[in-house]
Amino acid sequence: MDKKGITTTIVHMDRQKAIEHNAVHKPIHIASQYAFKDVRDLIAVFGNTPGYAYSRQGTPTVSALEQKITALEDGVGSLCFASGMAAIAAVMLTLLKAGDHFIASHYIFGNTKSLFNTLGNLGIEMTVVDTTNIGEVKAAIKSNTRLLFTESIANPVTQVSDLKAMGDLCESKGILYFVDTTMATPYLLRGKDIKASLVMHSLSKALCGHANALGGSITDTGMFNWDNYPNILEIYKSYPVANRGLIQIKKKALRDMGASLSSDAASRIAIGLETFELRIQKMNENALKLAQYMQQSPLFSEVKYPGLDSHPQHELANQLFQQKGYGTLIAASLREDIDLVAFLNHLQVIILATHLGDNRTLCLPVAPTIYAEMSAEDRAVMGISDNLLRISVGIENVEDLIEDIEQAYQKTV
Ligand SMILES: *Cc1c(COP(=O)(O)O)cnc(C)c1O
């Protein structure tokens, strides 16, 4: 594997593959079907031979993006889906079956938690644990535990789990370690470094970065031995061991469930990916500066950001992310005597929106929006107060973000 830096690898990748007319970008292939002169070639594509027959299982444009994500993770291979949620659902529905048990972190994206609750209706049992406490994770393991799911930096309250310890634990027990690293991104953490078996990214977030496409990906890091996994179907055992997990996800999820990424979205995500490292560096720098400002500002009763000394997992974040940064998400409670609605409505640069990882800084009151379906008690367990704001820090000039908060406060009081 070529060991150039992330940006060099990504911006030169298309050009180095066989590409039409020496174009520097992979073209957007719009065909939904592929025609063959010799029927034996058509038959071969339905077997183990790589190629395209019908774009529900992929297009050359989507494959070009998958190769870039694999390079970012230094993995064995990747699959793309229509959204991050489609990617998570694909893994859970194709690698688990009724009677299996999995362990999930308390601190996960609300829609993921909702999906996991739905799995209970299918006979797939879940135990939810505090993944910042490895003892709790260990204690939850049963004889039928097949999978452990966690996020890297949790959305929205920024807990950092003991990711390496969980990787070691899963390795020793033969449990599939499935990690959503949307928030850390490969800039701070590669799945391999924590022995993740499968890594998921919501491509809609910082990897695309421009809030102009939805997508999700699953990467096999090569760390898991599929030979030991009991749920690989007989037909996929004809594939090399390293490819068995991804091929089962591809056939059973992409082919049979059809949440496929379009070439158009794949192209936009791939172009966003070219500047990923530059954008994410700037966003990480901005987030630390903004969190430091917010912590000393009288407006906020509490500020959670893994880069602050006061964060419960600050030391762990230093070890895991090697001081490259601490992510782009800040969770802050607005002081209770400040009118939350008035304050938010006075923001001018910071946008009121639910997305993450965008070039623009976004702010969302968490309890009445993404956690509206959850009971007040459950929100309290997750550390979500009624006046909690989630801020996804963008690439703007950070002094303008600070000024925006100051002016909104002046207008509110
Ligand atoms: C947004 C998000 C998802 C879901 O991704 P979509 O592309 O919006 O479906 C999953 N996990 C995390 C951590 C996210 O932030």
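**A pocket and an open sheet**

Helix H3 (60-73) puts in the biggest share of the largest pocket's lining, with seven residues. The model is a predicted one, so to speak: local features need pLDDT of at least 70, side-chain atom pairs count only at pLDDT 80 or more, and totals for chains, interfaces and linings use all residues. Numbering starts from 1 along each chain as its sequence is written, and side-chain values use heavy atoms, with hydrogens and water left out.

The largest pocket holds about 1,400 Å³ of space. (On a 1 Å grid over the protein atoms alone, a pocket is an open set of points where a 1.4 Å probe fits, with protein on both sides within 12 Å along at least five of seven lines; lining residues have an atom within 4 Å of a point.) Its lining counts 45 residues, and the closest to the centre are Pro50, Ser63, Glu66, Gln67 and Lys250. By type, the lining splits into 20 nonpolar, 16 polar (Gly among them) and nine charged residues.

Elsewhere, five strands make up an open, mixed sheet, in the order E8-E9-E12-E11-E10. (Strands are DSSP runs of at least two residues, helices of at least four; two strands pair if DSSP finds at least two bridges between them.) Strands E8 (300-304) and E10 (351-352) sit at the edges with a single partner each, so one side of each has no neighbour in the sheet. E10 runs parallel to E11 (residues 362-365), joined by two bridges, and Ile351 stands opposite Leu362 in E11.

How values were computed. Grid points are joined across faces, edges and corners, and a volume is the space filled by probe spheres set on the points.
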